[in-house]
Amino acid sequence: MDDRIRAWLDGRLVLESRAAVDTSGRPASIAPVKGAKAIKYSPMIFGQFIEHHDRQVYGGLFCPGHPLSDEDGFRKDVIEALREIKVPIVRWPGGCFVSAYHWKYGVGPKRQPMWDKAWEVEDPNTFGTDEYVKWCRKVGCEPYICTNAGSGNEEEMSDWVEYCNLNVGKWGRQRIANGYPKPHDVLYWSVGNENWGGWEMGAKTVAQWGPLVRESAKMMRGADRRIYLLAAATPNEGWTLPLLKAAGYLLDYVSIHDYYGGGPNQRPYLEWMMQTGRPEATIVQTIGILKKAGFGGGKIGIAFDEWNMRGWYHPRGKNGRMDHAARRKNDIASLYNMSDAVFTANFLNACLRHCETVKMACFSPIVNTRGAVFVHDKGIVKRTTYHVFWMYTHLLQPNVVPVSVDCGSLSDGRRVVPAVDAVLTASDDGKRRVLAVVNKSPDKAVSFDISAIVAGTRGRAPLPATVLSGASTDDYNDIGAENRVVPVKTAFEVKDGKVSLPPHSIVCLEL
Ligand code: AHR
């Protein structure tokens, strides 16, 4: 890829001052890419992630004895909220947590509490494999287990597949003895989590990783041939090419992660917007590596199975230990405003544009910390990001029609990103079409010319639209103000082939 394009996608491109002027309010337009065919996308890109971390599992989705929980201890309000956004898949149990997690202590009647070495806290182990799968079935999503490739080994991973999916053998019989006569049928499995990172327990070297993935994959497939396999990868050739060379023939996806800024404090809206090109840069880079290794064209998919605009905040105290009280700053409601929603829609649009290869993505996490759903003692708050998932899972059509967008630039005076991001989706017969369009400008409406994709725009009836926006970019939902930012059904006037996109908005427009 051209260095300048890469730098632009990366949000690093510094332009000469003349070009760095904000032109985000200038008229924009959309046109079909001639000769390009519509591609069906995988709904798995609307997936989620949950980790044993702070109040995500315990005190989040799992609260035995709580008045809002069901007979299994699962919060009913959380399940209902996740069913509403049709969550297709949830990755579990970590994250960094999994790289020192031994699943065998988390099944059966005698649970052994464990010291969680990643987050430095005791985990009661009362939410284990059986509870997780049961919860997934109630939510209506596919379970996706990430294995311990840190302190664990190939056999521990394949025993886990046996436990979940077989009715015979030591571990299949163990599951039956534990009260689950039917196989759990967990079809998605990943070898490891971020084993390339120095922070990860039992991190691996490049030379170790490919052979470990290959041997684990052979044994896991030996337990169940139906499973889809993923392995921890990066958009970096130095790591991922050797992995693909050693084990690519056994993999269905490579797993990549990214977060775009952290800390406990709010950052300016524009600063977040300047990051909006980065997910696509990572995707394009990873596609290049897959092609180079001979697995292009979707032969091996990308699972962007941890992503969020905000990285989680993991403060340490003076003694070097995790500061669990300070960590709660992840929960401050006012952090999760329109910048999160706009970034989320932009991220999903990037996945949709590259849907031939991006076949799964998991927002990280689903509950509490930076999640789309905040759980408290009396109920839940659906953060702004939740509503983006609702719009995309309810309103989009199942195929992506390639388009090109011409628009102004949003700038912080130093960097620029396109002000508008749009994806066109269509039904299988092409009769119903929905445009998912984001206007990143904090304060300017954009006149958007859709005449090239909609016939007879002159004098036609207004187009049905659903809009997510706020009174300002700082708007957020909170306890007592749950519905400050929610999708609004409306209709867009079409004047001379143009519609007006409100500032800092996500619009689903039915064409
Ligand atoms: O901050 C959350 C952590 O981020 C996840 O556990 C890990 O996978 C990623 O590095």
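These legends describe close-up views of one predicted model. Local features need pLDDT of at least 70 and side-chain atom pairs count only at pLDDT 80 or more, while totals for chains, interfaces and linings use all residues. Residues are numbered from 1 along each chain as its sequence is written, and side-chain values use heavy atoms, with hydrogens and water left out.

**View 1. The shell around the ligand.** Glu51, Gly95, Cys96, Trp119, Asn193, Glu194, Trp199, Tyr259, Glu306, Trp312 and His314 surround the ligand (each has a heavy atom within 4 Å of it). Five of these shell residues are nonpolar, three are polar and three are charged. Here Ala, Val, Leu, Ile, Met, Phe, Trp, Tyr, Cys and Pro count as nonpolar, Asp, Glu, Lys and Arg as charged, and the others, Gly among them, as polar.

View 2. A polar contact is a pair of N or O atoms within 3.5 Å. Which distance separates a ligand oxygen from a polar backbone atom of Cys96? It is 2.8 Å. An N or O atom in the Glu306 side chain lies 2.7 Å from a ligand oxygen. For the His314 side chain, the distance is 2.6 Å. Alone, the ligand exposes 280 Å², and the protein buries 91% of that (areas by the Shrake-Rupley method with a 1.4 Å probe).

View 3. Side chains of opposite charge can pair when their charged atoms come close. The structure holds 30 salt bridges (a side-chain nitrogen of Lys or Arg within 4 Å of a carboxyl oxygen of Asp or Glu). One of them joins Lys382 and Glu84, with the closest N and O atoms 3.1 Å apart. Lys382 lies in strand β14 (residues 379-382) and Glu84 in helix α2 (residues 76-84), so the pair ties together parts 298 residues apart in sequence. Helices (H or I, at least four residues) and strands (E, at least two) are DSSP runs, numbered from the N terminus.

**View 4. Backbone exceptions in loops.** Most residues other than glycine have a negative phi, and most peptide bonds are trans. A cis bond joins Trp92 and Pro93, with omega about 5 degrees. Pro93 is in the loop between β4 (89-92) and β5 (114-116). Another cis bond links Ser364 to Pro365, with omega about -5 degrees. Asp54 has a positive phi, near 45 degrees.

Key: A polar contact is a pair of N or O atoms within 3.5 Å; within protein, one must be able to donate a hydrogen and the other to accept it, and residues adjacent in sequence count only if both atoms are side-chain atoms.
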